[in-house]
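Look at the chain below with both points in mind.

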Amino acid sequence: MKRLKILLIFVFSLSAISYGQYKQAPLPYNYSALEPTIDSATMYIHFNFHHASYLKNLNKALEKYPELYKKDIVELLKNLNELPADIQTTVRNNGGGYYNHSLYWSVMAPEGSTKISPKVEKLLIKNFGSVDAFKTEFEKTAMTRFGSGWAWLIKEPSGKLTIYSTANQDNCFNPDSKIKGTPILTLDVWEHAYYLHYQNKRADYVKSFWNIVNWNKVEELLEK
Ligand code: MN
């Protein structure tokens, strides 16, 4: 009888685990790896408090609908309008925050560890005229996002590369997004992403971003 009880507890725990709540992947580098562009205190707080709380709120919202844990986060964001009405806003904000930050960590790397490949360079020239013109437009988009949000490089379904900006934790997967496609590069321009080190000087943060872009990841995403 005792064995049966233990077995039942074991099987029950396995089934609970198989629902697999969303998880935070470990950072691909340590907290100080992006210094001086991003200081380690900002990385630590951003990853362990901001990103972690979007994740926690997302998982909490889905507790009532555990079958949704099985969906890919992008599928949830693309199909927001089909989700139960009581969780649509929470999934938009917190599912968006969960996805956006995961991508943001992955498109950064220690300074000097990657460089633009000829292939990526060619695509940037084709779409924007030059790498510098691309950077200038991206910076301008990041600078002019009023309040909190994100700057993006998106590969549209046609293959065209477009620079885009979203408010809050929105992204191009939201059903009402004006631009659709695959995010290739993103920059968090919420004040929490830069305020400790740069205070009000968002422009300095945005310009420094180029020091730590993970161009290998950009190329990988472009080829998807
Ligand atoms: Mn953030």
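A residue is called buried when its relative accessible area is under 20%, exposed when that area is over 50%, and partly exposed in between. The model shown here is a predicted one.

Start with Thr-186, which lies in strand E3. Thr-186 has a relative accessible area of 0% and is therefore buried. What is Thr-186 in contact with, leaving aside its neighbours within four places in sequence? The residues are Asn-100, Leu-103, Tyr-104, Val-107, Trp-150, Ala-151, Trp-152 and Phe-209. For Ala-151 there is a further detail: its backbone oxygen lies 3.1 Å from a polar atom of the Thr-186 side chain.

Now turn to the backbone. Most residues other than glycine have a negative phi, and most peptide bonds are trans.

The loop between strand E2 (161-167) and strand E3 (182-188) holds Asn-168. Asn-168 is not a glycine, yet its phi is positive, at about 55°. Its relative accessibility is 40%, so Asn-168 counts as partly exposed.

Gln-199 sits in the loop between helix H7 (195-198) and helix H8 (202-208). This residue is not a glycine either, and its phi is positive at about 50°. With 33% relative accessibility, Gln-199 counts as partly exposed.

The remaining place concerns a peptide bond. Glu-35 and Pro-36 are joined by a cis peptide bond, with omega at about 0°. Pro-36 is found in the loop between helix H1 (2-18) and helix H2 (40-61).

Notes: Residues numbered from 1 in each chain as written. Predicted model: local features only at pLDDT ≥ 70, side-chain atom pairs only at ≥ 80, totals over all residues. Heavy atoms only, no water. Helix = DSSP H or I, 4+ residues; strand = E, 2+ residues; numbered from the N terminus. Buried < 20%, exposed > 50% of the residue type's maximum accessible area, 1.4 Å probe, protein only. Polar contact = N/O pair within 3.5 Å; in protein donor to acceptor, adjacent residues only side chain to side chain. Contact = heavy atoms within 4.5 Å.
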